[in-house]
Amino acid sequence: MEISEVFRLIERQLEGANDELGFRKQSGTDTDITFSGEKGIYKVVYDKSTSIMAFECAYDNSENAEFNTISRSLFDTENYNERDAKSLANEIQDELLSLFNSRKKVDLNKVKMPKAVSRTKAKNGVTSYDTDSLANRFGTLYPDMKDLIKENIARYGEFLPETFFMQSGTQRVIDVITNGTDSEIKRLFKMLNEVYEDGTNEVQDIIGVTILGEMKNDPVLMETADKYMSDYMSGPVHEINKIMQKKNSLTKKLKNPPAYKPKKKKTGVLQNALNSQNVNR
């Protein structure tokens, strides 16, 4: 199915929602389309190199509006048909209506930061660091990120680590590895090493794949990370980066995780596989 046809179908499918929310088409090409209104701006963008369709929005319509990626969907134009395109359009429509119909100001002062597991209990094996612990430690390390963590919680009712780090947190980590001072990078990896070593499979996946996997095996970034990564974390992170460097069906799936289902914990499938590989060597 031609991607231009997909976008024409998406535009038709969104007419009702756009009328309801007061959005009008601002611009569009064969691989992207943008709508704007008093409530903000949103756009749908297709990346041919990864076959990923991204839905992004901003809650103001200024020239410097900051877009957040709301969802990413795999759309293989060689194998997907009109039915798949309609399904994708319906998903975007549901997201659009949910976001802008219920959009209201949230008093972030009333939103509590996630609680961290006790460091003593984690070290003694009584319990393990979880993704809430990672959020808490990350916010402590970078106080300016706390509001973004709280916005994530306010929107979903709990902290969604993949969404937060894909949209905001990971970029901060990459910036620190790239441009930070020795002490800044050291503090970052001290926290990541500790949470990874005594963390659940889920939190290890977030650190290894969603965060440090974004180095994509860049030799300069990897050389810097190697100075500070613990031996326990270094092996899996190197294996993950070899995978993330490539463009294949696995990396597409990692960039397009399954839709979130509340209260169901994900297992560390990739991490377990890597750990098994290391044990069997």
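Select Asp198 and Lys123, whose side chains meet in a salt bridge (3.1 Å, N to O); a salt bridge is a side-chain nitrogen of Lys or Arg within 4 Å of a carboxyl oxygen of Asp or Glu. Asp198 lies in the loop between α8 and α9 and Lys123 in helix α4 (residues 119-123), so the pair ties together parts 75 residues apart in sequence. Helices are DSSP runs (H or I, at least four residues), numbered from the N terminus. Asp198 is buried, at 16% relative accessible area, whereas Lys123 is partly exposed, at 45%. Buried means under 20%, exposed over 50%, and partly exposed in between (1.4 Å probe, protein chains only).

The model is predicted: local features need pLDDT of at least 70, side-chain atom pairs count only at pLDDT 80 or more, and totals for chains, interfaces and linings use all residues. Residues are numbered from 1 along each chain as its sequence is written, and side-chain values use heavy atoms, leaving out hydrogens and water.

Next, select Glu194 and Arg137, which form a salt bridge (3.4 Å, N to O). Glu194 belongs to helix α8 and Arg137 to helix α5, so this pair ties together parts 57 residues apart in sequence. Salt bridges that share partners join Arg119, Arg137 and Glu194 into one network.

Finally, select helix α7 (residues 161-179), which bends by about 50° at Gln167; the bend is the angle between axes fitted to the seven residues ending there and the seven starting there. Among the buried residues of α7 are Phe164, Phe165 and Ile174.

Key:
Helices (H or I, at least four residues) and strands (E, at least two) are DSSP runs, numbered from the N terminus.
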